[in-house]
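Please examine the sequence and the structure shown below.

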Amino acid sequence: MSVAPMIRIQAEDFDTSAEIARLTSGRGDVGAVVTFSGLCRDEAGTLAALEIEHYPGMAEAEIGRIAVQACERWPLTGLTAVHRFGRILPGQNIVLVVAASAHRQAAFEAAHFLMDYLKSRAPFWKKEHRIDGSTGEWVEAKESDEEAAARWR
Amino acid sequence: MTRLIYFAWIRERIGKLEEEVELPSDVTTVSDLLQWLRGRGEGYEAALQQPKIIRVAINQEHVEHREPIAGAREIALFPPMTGG
């Protein structure tokens, strides 16, 4: 029986160490925890902020579907994904994945799989706000993100 | 009635977050819907001029353009996703 993943979509920041502790405290069967944090880049000093739009309801559902696949594919003891929306400044957190397992390989692979699928399937869009005051463009999807997800099929 | 929801630059170009529409009976697939919407005005045409790149979800699940839309309560149109 696979574990139930925890998925949260929120405007607030998250606390990575608290999320790790949630999957490890009070138990002795977890031998490996892999975390991935995605942060907002300043694009060589030109970016003031990212504005992240999402599809409420589907965002949770889609990441949930991907996370359930990860839990079925690897022997995990816990899996958490948190994605923020709203205005995010350079250096701030955007996304967190925490995968826990008895051994490292499952934790590494599950975290990688979840991120690769999330990039191309979770309904989020980023718009750039520039330092010069202009509202820049919507960030364009990368072909390489699609290819990254396809590798797991 | 079917609820249509738009996101990111599709929302901006159409100029609406969402709307309720009565779909003609000959609009049966996602492709038909995109084609029909393009005829509804300049904003729609600007948003949907490259239908191939438009992503669509029916009742909050991704669908291909060839899929039928019968029974859809909520259809969302959006650009390729850029989360993470």
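In what order do the five strands of the open sheet of chain B stand? The order is E2-E1-E5-E3-E4, with mixed pairing. This is a predicted model, in which local features need pLDDT of at least 70, side-chain atom pairs count only at pLDDT 80 or more, and totals for chains, interfaces and linings use all residues. Residues are numbered from 1 along each chain as its sequence is written, chains are lettered from A and ligands numbered from 1 in the order in which they are written, and side-chain values use heavy atoms, without hydrogens and water.

**The sheet of chain B**
- Strands E2 (18-21) and E4 (61-63) of chain B each have a single partner strand, so one side of each is left without a neighbour in the sheet.
- Strands E3 (residues 55-58) and E5 (residues 74-78) of chain B run antiparallel and are joined by four bridges; two strands pair if DSSP finds at least two bridges between them.
- B:Ala57 has B:Ala76 in E5(B) as its bridge partner.
- H2(A) packs on this sheet and touches E3, E4 and E5 of chain B, where contact means heavy atoms within 4.5 Å.

**The helix pair of chain A**
- Helices H2 (residues 58-73) and H3 (residues 104-121) of chain A pack at an angle of about 155 degrees, with their axes 10 Å apart.
- H2(A) is therefore roughly antiparallel to H3(A) (an angle over 145 degrees).
- Among the residues that meet are A:Ile63 and A:Ile66 in H2(A), and A:Phe113 and A:Leu114 in H3(A).

Note on methods. Axes are lines fitted to C-alpha atoms, for helices over the stretch in contact, and angles run from 0 to 180 degrees between N-to-C directions. Helices (H or I, at least four residues) and strands (E, at least two) are DSSP runs, numbered from the N terminus. Angles under 35 degrees count as roughly parallel, over 145 as roughly antiparallel, 65 to 115 as roughly perpendicular and the rest as oblique.
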